[in-house]
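Colleague: I would like to learn how to read a protein model step by step. Could you take me through one, giving the general idea and then the case at hand?

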Amino acid sequence: MFKPLGWMYRPTSITGWVITVLVLAFCVHIFVWVDARSHSVSDTFYGVFPYVVPTVTAWYVLAMRLSGHRE
């Protein structure tokens, strides 16, 4: 579903693309939602961080496991 591309992974199947697009859509949605309610850049950063970092980390681990690439 994913292939290694440097230190990241790229989707190679429809399922991989769907997962990646859903993760990106979620992150953009969270950013827009938090940014509309924040008063400064630091408010936005602190509001986005607890959602985006675990989501991207989960995507990375999923991509790593589904790539079949073992180091």
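**Reading the fold**

Modeller: From the N terminus on, the elements of the protein chain run β-β-α-α, where helices (H or I, at least four residues) and strands (E, at least two) are DSSP runs, numbered from the N terminus. This is a predicted model, in which local features need pLDDT of at least 70 and side-chain atom pairs count only at pLDDT 80 or more, while totals for chains, interfaces and linings use all residues. Residues are numbered from 1 along each chain as its sequence is written, and side-chain values use heavy atoms, with hydrogens and water left out.

Colleague: What radius of gyration does the protein chain have, beside that of a compact globule of 71 residues?

Modeller: The radius of gyration is taken over C-alpha atoms, and the globule rule is 2.2 Å times the number of residues to the power 0.38. For a compact globule of 71 residues the value would be near 11 Å, but the protein chain has 14 Å. Along its principal axes, the C-alpha trace spans about 45 × 25 × 15 Å.

Colleague: Which residues make up the largest nonpolar core?

Modeller: In soluble globular proteins, nonpolar side chains tend to be buried together. A nonpolar core is a set of buried Ala, Val, Leu, Ile, Met, Phe, Trp, Tyr and Cys residues joined through side-chain atoms within 4.5 Å, and buried means under 20% relative accessible area, exposed over 50%, partly exposed in between (1.4 Å probe, protein chains only). Here the largest such core has 10 residues, namely Phe2, Tyr9, Val23, Cys27, Ile30, Val34, Val48, Val52, Trp59 and Ala63. Helix 1 and helix 2 each supply at least two residues of this core. Of the 71 residues of the protein chain, 24% count as buried.

Colleague: Why does Trp33 count as partly exposed?

Modeller: Trp33, which lies in helix 1 (residues 14–37), counts as partly exposed because its relative accessibility is 39%.

Colleague: How many aromatic pairs are there?

Modeller: A pair of aromatic rings is described by the distance of the centres and the angle of the planes. Rings of Phe, Tyr and Trp (its six-membered ring) pair if their centres lie within 6.5 Å; planes under 30 degrees apart count as stacked, over 60 as edge-to-face and the rest as tilted. By this rule the count comes to 4 aromatic pairs. One of them joins Phe2 and Trp59 edge-to-face, at 5.8 Å centre to centre and with 90° between the planes. This pair links distant parts of the chain, with Phe2 in strand 1 (residues 2–5) and Trp59 in helix 2 (residues 41–67), 57 residues apart. Both Phe2 and Trp59 are buried.
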